[in-house]
Amino acid sequence: MSDCLFCKIIAGEIPSKKVYEDDYVYAFDDIDPKAPTHVLIVPKKHIRGVKEATEQDAEIIGRCHVAAARIARERNIENGYRTVSNVGPGAGQSVFHLHVHLLGGRPLNWPPG
Ligand code: AMP
Ligand code: ZN
């Protein structure tokens, strides 16, 4: 999608610090990290958000979480990390290309704010 920040990052039109990439997903450091590890994992396919996803998108959303687990393993934060998707503006979604936040490297409170 031409007017989407994360589509531009995936295309390399906007720079990012790449953490992981495969045929389906792209992962990069969040520009405003909220934890020592704060990585965004995004499907290469433009999906507006979790609530707009269809059944056909289920596999790629799962792939985002599998990629997050792989990154957590590489970062040695497997003992406790969090994967979060903010769904809708009321929950803080500010970029409307589906993404999973991977947060770790510090104690994580529950429930989140
Ligand atoms: P959300 O608010 O859940 O939609 O998450 C969007 C995330 O994208 C925020 O955590 C931002 O810090 C992050 N972000 C915005 N612009 C960039 C960028 N150019 N590079 C990396 N992360 C970004
Ligand atoms: Zn997009």
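Predicted model: local features only at pLDDT ≥ 70, side-chain atom pairs only at ≥ 80, totals over all residues.
Residues are numbered from 1 along each chain as its sequence is written, and chains are lettered from A and ligands numbered from 1 in the order in which they are written.

Ligand 1 sits in the largest pocket. A pocket here is an open set of points on a 1 Å grid over the protein atoms alone, where a 1.4 Å probe fits, with protein on both sides within 12 Å along at least five of seven lines; a molecule sits in it if more than half of its atoms lie within 2 Å of its grid points. The elements giving two or more residues to the shell around ligand 1 are α1 (5–10) and β2 (25–29), and α1 supplies the largest share, three residues. Helices (H or I, at least four residues) and strands (E, at least two) are DSSP runs, numbered from the N terminus.

There are 16 residues around ligand 1, of which D30, N86, G92, S94 and H101 come nearest; a residue counts as near if one of its heavy atoms lies within 4 Å. The shell comprises seven nonpolar, six polar and three charged residues. Oxygen atoms of ligand 1 make polar contacts (pairs of N or O atoms within 3.5 Å). One such distance is 2.8 Å, to a polar backbone atom of G92; another is 2.7 Å, to a polar backbone atom of S94. For H99, an N or O atom of the side chain is 2.9 Å from a ligand oxygen. Taken alone, ligand 1 exposes 500 Å², of which the protein buries 83% (Shrake-Rupley method, 1.4 Å probe).

The structure also holds two aromatic pairs, meaning rings with centres within 6.5 Å. In one of them, the ring centres of F6 and F28 are 5.4 Å apart and the planes stand at 80°, so the pair is edge-to-face (planes over 60 degrees apart). Because F6 lies in helix α1 and F28 in strand β2, the pair ties together parts that are 22 residues apart in sequence.

Two backbone features remain. N76, in the loop between α2 (58–74) and β4 (81–84), has a positive phi of about 60° although it is not a glycine. The peptide bond from W110 to P111 is cis, with omega near -5°, and P111 is found in the segment after β5 (100–104).

Conventions: Heavy atoms only, no water. Polar contact = N/O pair within 3.5 Å; in protein donor to acceptor, adjacent residues only side chain to side chain. 1 Å grid on protein atoms, 1.4 Å probe; cavity = no way out; pocket = protein on both sides within 12 Å on 5 of 7 lines; lining within 4 Å. Nonpolar A, V, L, I, M, F, W, Y, C, P; charged D, E, K, R; others polar. Phe/Tyr/Trp six-rings, centres within 6.5 Å; stacked < 30°, edge-to-face > 60°.
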